[in-house]
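Biologist: Please show me the model, and let us then discuss its packing in turn.

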Amino acid sequence: MSAARLLVEDLSWAPGRRSKTLLHKTGFELEPGRILGIVGPNGAGKPTLLRLLYRFHRRVLIDDEDIWAMSPRSAAQRIAAVLQEQPSDFALTVEDIVGLGRTPHRRGIGGGSGSNDKEIIARALSQLGLDGLSLRHLGTLSGGERQRVMVARALAQEPKLLILD
C-alpha cells in the first residue's frame with residue numbers, strides 16, 4: 001500500500017445554505033507516510049471533518065485530484081475509513097467482513113475476486129492478530145475485536161489514505 005499526499009484548503013461545511021456552519025474554515029497538508037491526529041472538544045466538528053475526507057461531504061484533494069472528480073470506485077480504492085461505531089448484527093464471519101475491503105478492486109457484475117485477494121485478506125487478518133477469529137461471526141466478538149476487524153477490512157482495501165475515527 002502506497003501513501004498519498006492530502007491537501008485540504010479553506011474547508012468549511014454547513015448542512016444547508018441557511019444552516020449554521022458546523023465546521024469553520026480549516027486547511028492542512030499531509031505528506032505521504034505522515035500521521036495527523038485531530039483533537040478537540042465535543043462539538044468541535046471532528047467527525048464532520050473526517051466525513052469530508054472520506055467523501056461523505058465535499059472538496060478534498062488526494063494527490064492533487066479532487067475526490068469528487070473521481071469515480072466512487074477510484075475513491076474507494078484510495079480512501080478507507082474506520083468509524084467509531086459499526087453494526088454488530090452482521091451474519092458474516094470475520095474473514096467475510098475483511099474480504100469486503102477488496103470490493104473496490106473487483107470487476108464485473110459478479111465482482112469476481114482478484115488473484116491475490118486471499119493473500120491480502122490473510123495478511124490483514126494476521127497484522128491485526130485475528131487469524132484465530134476468522135471463522136467467527138462479527139456479533140460474537142467484543143467491541144475491541146470488532147474494531148480490529150474493521151481496521152483489517154480497511155487494510156485489505158489497500159488505500160492510500162486511511163482515516164480512523
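**A buried arginine and the nonpolar cores**

Modeller: R106 lies in the loop that connects α3 (94–99) with α4 (117–127); helices are DSSP runs of H or I with at least four residues, strands are runs of E with at least two, and both are numbered from the N terminus. The model is predicted, so local features need pLDDT of at least 70 and side-chain atom pairs pLDDT 80 or more, whereas totals for chains, interfaces and linings use all residues. Residues are numbered from 1 along each chain as its sequence is written, and side-chain values use heavy atoms, without hydrogens and water.

Biologist: Is R106 buried or exposed?

Modeller: Buried means under 20% relative accessible area, exposed over 50%, and partly exposed in between, with a 1.4 Å probe and protein chains only. The relative accessible area of R106 is 18%, so R106 is buried.

Biologist: Which residues have the most contacts inside the largest nonpolar core?

Modeller: Such a core is a set of buried Ala, Val, Leu, Ile, Met, Phe, Trp, Tyr and Cys residues joined through side-chain atoms within 4.5 Å. The largest has 21 residues, and those with the most contacts inside it are V94, V98, L130 and V149.

Biologist: Which element gives the largest share of this core?

Modeller: Two or more residues come from each of β5 (79–82), α3, α4 and α5. The largest share is seven residues, and its source is α5.

Biologist: Which residues does a second, separate core include?

Modeller: This second core is separate and has 18 residues. Its members include L49, L52, I62 and L161.
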